[in-house]
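Me: I would like to go through the terms used for this structure and see what each one rests on.

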Amino acid sequence: MKKEPGWIRKIFINAGEYHKTMTSPERYRRFRRTLFIVMTATFLIPLILTTMLSYYEHRSQMLANLRWNAESAKKTIETFLAELQTVLIYTASEQTYEELVDQETLNKLYQRLKSHYPGVVDLGIIDHKGIQRAYAGPYELLGKDYSDRECFKAVTASKAFIGMVEMGYRKVPHFAIALSFFNLNTGQNWVFRTSIDVTTLDKYIENIGTGPLSDIFLVSRKGEPLLQSTSHQYGAPLSPYPFELPHNRIGITISEERGVWDYVVLKAVSYLEGTPWALVLLKHGYLYGKDWSFFKARLFFIVMLSTVLALLVIFQITKLFVGRIREADEKRESIMAEVEHTSKLASIGRLAAGIAHEINNPLAIISAKTGLITDLLELCEDFKYKAKIASEIHGTSHAVERCKVITHRLLGFARRMDVTLENININTLMQEVLSFLDQEALYRGIHVDLDFGKSLPIIESDRGQLQQIFLNLVNNAIDAIGKDGKVTIKTRKQGQNSIQIDVVDNGKGIPQEIISHIFEPFFTTKDSVEKKGTGLGLFITYGIIKKLGGHISVRSSVGVGTTFTVTLPIKINLSRRVHNVESQSPGS
Amino acid sequence: MSKVKVLVVDDEIEFATTLAERLNLRGYETTACFCTEDAMALIHAKNIPDVILLDLKMPRMDGIETLEEIKKYNPTIEVIMLTGHGGGIPLTGAHREKHGPFDCVMKPADIKELTTKINQAMAKRQTAINRGKD
């Protein structure tokens, strides 16, 4: 037999304690509890792991989606600004400084640009001293001094500049794009400056399309973060943005943020190249959104349903499993008790036989001696105490006779352990058997009908064992009826060499599916609670009949009754029969 | 008519001698032996009994072995087994018919039952002897 691993033994059964507490209820309770816990853990651990994996997989997909959206938005805005710069450079390069400071020329240029880019607020030409020499636009800004403004300083150094959103002289939020050119005639730099309305930026950003639950806007990189475009959550441009921007200026930084309405949003921040801005993309509904809530509710429902179902199934399985083990243990214990009882009876039988044999010999001597005295007294002439002596000897003989009856009974009991052959009238034997069950049949209202064959041959068999066989069969018939019915015993000659005995009852009958199992050991249909059946009766009966050279068969019909037919040989060859029995089994 | 020769073989000396005496009183010519070796020596000495009352359990050579020896030597000698215990005679069928004992009597035996069986055994032996002569 394969030995189970040590940890299983530790968890379930301490084998050493198995026999000590074989049917202790506490042992089964403990076993059932342990089995339940182990099975539940075996089921729940993979379920929880799978659920956690699904949860994090879903989250990582959301993050990836956000990153992709932010990347896409960053590229779109950068492309827009680059395109705008290219257009301005191209436009400015077509004219000389002298031509552009001409108001009419600049106005035409302004109108042309405005027609293509409505967001262009105005155009200005600034000389090398920072004075606006020409201006086209809705404001009175001609001659304004820009020498102190950051855009003038920055563009002089780097040729191109995009400024932060400011109110400036115009008192409306806008941002400036300034380009620096070199005048070959004067040998001085001059600046081409244009202001772009922030609403242009807003409209452009709105069209990027990052989903209905998103908020996308620009924030200034320098100093205190200020909004550079309109945010659904934080308001109009130049409103303060309450969070610090990440230090990492390369790539996209993703983090969580508790927004103004006190719910957590997922945030992606990316710095835009060549601008003073950072792009912020907020994904609303990250934890409380419909999609996420639905996902969580569905996941929770599946996990709970699976857990409840699993717990129910595991509970039932462990209950059934432990119940079966307990039943088997109880049956085994009952069989052990039966075997012990049988063994005890056999020991008593042998002991009784030994005692009887030892007593029998001196008893035989006493019997022989008293017999001889009686014989001699009969031969003697009368003398004074002859009658008295004869009477005393008779008393002694009578006592010996009583002892003889006792020892012979003891020896008869012991003899049942072996096969002892004698001549038997089967009808008489059946009468003897029925005399044991008369009272039982009477009490249950069962009529016993005898249909004995006449002039049946005397058979050679073992009386005690035949009694056991028929006692068992008639007892089974009475049990099958329960109350009020009829048992018929039929005997007749079968062929030349055997006789047949039928035990017929009109009880509940045996279903066809179990009829082939009834001679198997430990098979019983009697209620085990009442401890009436051990499942050994018909098995032993079958074995004895085979040992005696006979045969047993059964016919049954549910609701009609059952007939057991026993065939016994008239003459028995014991040695051959014993050999045959050893090579057969009831199931074969 | 000559007396029926009976040989009682039993290791219980008191029982064997008393039984022999009682049978003698009833007209049998009875001899008692207290071991199987003596009994076999007596038979081999051509002092052949008609019926032997043989105890089943005896030291050295038990009743069954002695029975086989006797039947081997002369199958017409009838043997009645005397037994003090519950075990049966392990010979059955045809084998029992030819080589088995005439009968088996449990101790303590009633003298009337015993003499009846001796007479029946004698009748059977006589029949066998007559059949042999024919």
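**Terms and what they rest on**

Reply: The model has an open sheet of five antiparallel strands in chain A, ordered β2-β1-β5-β4-β3. This is a predicted model, in which local features need pLDDT of at least 70 and side-chain atom pairs count only at pLDDT 80 or more, while totals for chains, interfaces and linings use all residues. Residues are numbered from 1 along each chain as its sequence is written, with chains lettered from A and ligands numbered from 1 in the order in which they are written.

Me: What makes β2 and β3 of chain A the edge strands?

Reply: β2 (132–136) and β3 (160–162) of chain A each pair on one side only. Two strands pair if DSSP finds at least two bridges between them; strands (E, at least two residues) and helices (H or I, at least four) are DSSP runs, numbered from the N terminus. The twist averages 15° from one strand to the next.

Me: How do you know that β3(A) and β4(A) pair?

Reply: They have three bridges, in the antiparallel sense, and at least two are required, so they count as paired. Ile162(A) stands opposite Ile177(A) in β4(A).

Me: Why is Ser255(A) called exposed?

Reply: Ser255(A) has 11 C-beta neighbours inside 10 Å, and therefore counts as exposed. The classes are buried at 20 or more other C-beta atoms within 10 Å, exposed at 12 or fewer, and partly exposed in between, with C-beta atoms placed from the backbone. Ser255(A) lies in strand β7 (residues 252–258) of chain A.

Me: What is the largest nonpolar core, and which residues touch the most other members?

Reply: A nonpolar core is a set of buried Ala, Val, Leu, Ile, Met, Phe, Trp, Tyr and Cys residues joined through C-beta atoms within 7 Å. The largest has 55 residues, of which Val219(A), Ala278(A), Leu279(A), Val280(A) and Leu281(A) touch the most other members. α3(A) gives the most to this core, with seven residues. A second, separate core of 36 residues includes Val4(B), Ala32(B), Ala39(B) and Leu67(B).

Me: What is Leu279(A) in contact with, leaving aside its neighbours within four places in sequence?

Reply: Contact means C-beta atoms, placed from the backbone, within 7 Å. On that basis the partners of Leu279(A), beyond those neighbours, are Ala70(A), Ala73(A), Lys74(A), Ile77(A), Leu218(A), Ser270(A) and Leu272(A).

How values were computed
Axes are lines fitted to C-alpha atoms, for helices over the stretch in contact, and angles run from 0 to 180 degrees between N-to-C directions. Two residues are in contact if their C-beta atoms, placed from the backbone, lie within 7 Å.
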